[in-house]
Amino acid sequence: QLQFVESGGGLVQPGGSLRLSCAASGFSLEGYSIGWFRQVSGKDREGVLCMTDRGRTGNYAESVKDRFTSSRDMAKKTVYLQMDSLKPEDTAVYYCAAHRRSFRGTCTVNEGRYNIWGQGTQVTVSS
C-alpha cells in the first residue's frame, strides 16, 4: 500500500516556525512529484506549493512566497515543509501528497493529479 505518514503540526505563535514531515511508506520517492495542500474548516482545500521529481520547488501560492520551502531526504524517504514567519492566516490542516511524475522537472498544485496522500496535520498559529 502506498501512503504518506505525516507529522509535525502543532500550535505556534505568530512569527514562529514549524517543519512538517511526510514519510513515504510503500514507495521510494524516486521519480515522484510532491504537493503540499491545506484546508481551513468549511473551505476548499488549497494548493500551497509543489516540489518536482528533481527536488526543486515549483508552483507556490503567493500567500506563502518567501516563507515556506519544501525539501526532501531521499535516504530517509521523507519530504519536509519548512514554514517560517507563520501568520494566523496559515492556520489549517496541512496535507502532503505525491504522484508519479508525468513530465520531468515539473509539478502542479492541482490536487486532482495526486493519488498518494498524508492523513493531514493541524497547524494552529495563535498568540
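Modeller: Before we start, a disulfide here means a pair of cysteine sulfur atoms within 2.5 Å. Also keep in mind that this is a predicted model.

Colleague: Take Cys22 and Cys96: how many residues apart are they?

Modeller: The torsion about their S-S bond is about -100°, so this disulfide is left-handed. The pair links distant parts of the chain, with Cys22 in strand E3 and Cys96 in strand E9.

Colleague: Where does Cys107 lie?

Modeller: Its partner Cys50 lies in strand E5, so the pair ties together parts that are 57 residues apart in sequence. Cys107 itself lies in the loop between E9 and strand E10 (116-117).

Colleague: Is Cys107 buried or exposed?

Modeller: Cys50 has a relative accessible area of 0% and is buried. Cys107 comes out at 15%. The cut-off for buried is under 20%, so Cys107 counts as buried.

Colleague: What pattern do the disulfides follow?

Modeller: Cys22 bonds to Cys96, and Cys50 bonds to Cys107. Counting bonded cysteines along the chain, the pattern is 1-3, 2-4.

Colleague: On to the inside of the protein. Which elements give two or more residues to the largest nonpolar core?

Modeller: That core has 28 residues, and Phe4, Trp36, Phe68, Met83 and Tyr94 touch the most other members. The elements giving two or more residues to it are E3, E4, E5, E8, E9 and E11.

Colleague: Which residues, among them Phe37, make up part of the other core?

Modeller: This other core lies apart from the largest one and has six residues.

Colleague: What about the rings: how many aromatic pairs does a search of the whole structure find?

Modeller: Phe37 and Tyr114 form an edge-to-face pair, one of the set found, at 5.4 Å centre to centre and with 75° between the planes. Phe37 lies in strand E4 and Tyr114 in the loop between E9 and E10, so the pair ties together parts that are 77 residues apart in sequence. In the whole structure, the aromatic pairs found number seven.

Colleague: Which residues do ring pairs link into a cluster with Phe37?

Modeller: Tyr114, buried at 5%, also pairs edge-to-face with Trp117, because their planes are at 70° and their centres 6.4 Å apart. Trp117 is partly exposed at 23%. Together with Phe37, the linked residues are Tyr95, Tyr114 and Trp117.

Colleague: Over which ring does the charged end of Arg45 sit?

Modeller: Arg19 has its charged end over Tyr80, 4.2 Å from the ring centre. For Arg45 the distance to the centre is 4.9 Å, and the ring is that of Tyr95.

Colleague: Last one: what is the phi of Leu29?

Modeller: Most residues other than glycine have a negative phi. Leu29, in the loop between strands E3 and E4, is buried at 2%. Its phi is positive, near 80°.

How values were computed. Residues are numbered from 1 along each chain as its sequence is written. This is a predicted model: local features need pLDDT of at least 70, side-chain atom pairs count only at pLDDT 80 or more; totals for chains, interfaces and linings use all residues. Side-chain values use heavy atoms; hydrogens and water are left out. Helices (H or I, at least four residues) and strands (E, at least two) are DSSP runs, numbered from the N terminus. Buried means under 20% relative accessible area, exposed over 50%, partly exposed in between (1.4 Å probe, protein chains only). A nonpolar core is a set of buried Ala, Val, Leu, Ile, Met, Phe, Trp, Tyr and Cys residues joined through side-chain atoms within 4.5 Å. Rings of Phe, Tyr and Trp (its six-membered ring) pair if their centres lie within 6.5 Å; planes under 30 degrees apart count as stacked, over 60 as edge-to-face and the rest as tilted. A charge sits over a ring if NZ of Lys or CZ of Arg is within 6 Å of the ring centre and within 35 degrees of the ring normal.
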